[in-house]
Amino acid sequence: MPSSHRDPGQAPEFQNQHQHQHRSKRLVNTHHSGNTHPLIWIASILCTIIAIGVIVGGIVVFVGYIVIHPRIPVVSIAKAHLDLLSNDYAGLLQTQLSIMVVAQNGNAKAHATFSDITFNLSYQGQPIARMVAQPFDVAKNSSKTLNYVVRSASIPLTPEQMEEVDESWKRDVIGFDLKGGARTRWRVGPLGSVKFWTNLECELRFRPSNGSYIKHSRCTSESK
């Protein structure tokens, strides 16, 4: 009776082939059974639309800026004069100044509005006057002049401030502090309205002997 003989190396090979086929079936079944939920497609479409809108909006803003090239309106001190400077032995100071403020709109394609206009004038920390103006518009590529005549009442000075005034007479140079600014708004074509606060802070220096204004540096506002 013939004896059956099985090669020990054949069984593992057959088993490996069977496991490989089984894994392939599971892999194929999983691949074909996966479906994308409709909400995912909707979300993807919405994200794509938003991204395109952001890109288009950025291009419009960039092109509008290049074409219009907006400039921030500024305020500056054009002229000034010390009309009166008087101090006595009692430590009282009297002064009068004429100050010309210019509101400049350098935009060639948009008018500008200036509002909340306020300037404070002081000497050695002592308030002298507060200068204000009503809101006004400045045409494109134009300017408006504000003329102020500031006369102080008798300002009591400390001994240190009295010495400083005496030194100013000797040096023939005296300085007053000017701080303030204005809120500016102008329309930049299709980009809408742009708002900035212009801040002006500088020292106005004069010759007490003749009242002339020393323009040692440019006194022009900076945007905030």
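Mentor: Start with Asn141, in the loop between β5 (136–138) and β6 (142–151). Strands are DSSP runs of E with at least two residues, helices are runs of H or I with at least four, and both are numbered from the N terminus. This is a predicted model, where local features need pLDDT of at least 70, side-chain atom pairs count only at pLDDT 80 or more, and totals for chains, interfaces and linings use all residues. Residues are numbered from 1 along each chain as its sequence is written, and side-chain values use heavy atoms, with hydrogens and water left out.

Trainee: Why does Asn141 count as exposed?

Mentor: Its relative accessibility is 54%. Exposed means over 50% relative accessible area, buried under 20%, and partly exposed in between, using a 1.4 Å probe and protein chains only. So Asn141 passes the exposed cut-off at 54%.

Trainee: What makes the phi of Asn141 worth a note?

Mentor: Asn141 is not a glycine, yet its phi is positive, about 55°. Most residues other than glycine have a negative phi. Asp116 also has a positive phi, near 50°, and is not a glycine. Asp116 lies in strand β3.

Trainee: Why is Asp116 called partly exposed?

Mentor: Its relative accessible area is 44%, so Asp116 falls in the middle class.

Trainee: How many aromatic pairs does a search of the whole structure find?

Mentor: Six. Rings of Phe, Tyr and Trp (its six-membered ring) pair if their centres lie within 6.5 Å; planes under 30 degrees apart are stacked, over 60 edge-to-face, and the rest tilted.

Trainee: What makes the pair of Tyr123 and Phe176 tilted?

Mentor: The ring centres are 5.5 Å apart, so they pair, and the planes stand at 50°, so the pair is tilted. Tyr123 belongs to strand β3 (residues 112–123) and Phe176 to strand β8 (residues 174–187), so the contact ties together parts 53 residues apart in sequence.

Trainee: How do you know whether Tyr123 is buried or exposed?

Mentor: Tyr123 has a relative accessible area of 1%, so it is buried. Phe176, at 0%, counts as buried too.

Trainee: What makes β8 and strand β9 a pair?

Mentor: Two strands pair if DSSP finds at least two bridges between them. β8 and β9 (residues 193–206) have 14 bridges and run antiparallel. Ala182 stands opposite Thr198 in β9. Two bridges join β9 to strand β10 (residues 213–214), again antiparallel. In β10, Ile214 is the bridge partner of Arg205. The hairpin of β9 and β10 has six residues between the strands, and Gly211 there takes a positive phi near 80°.

Trainee: How do you know that Lys144 lies over the face of Phe136?

Mentor: The test asks for NZ of Lys or CZ of Arg within 6 Å of the ring centre and within 35 degrees of the ring normal. Lys144 lies over the face of Phe136, at 5.5 Å from the ring centre.

Trainee: Why does Ile49 count as exposed?

Mentor: Ile49 has 51% relative accessibility, so it counts as exposed. Ile49 lies in helix α2 (residues 38–68).
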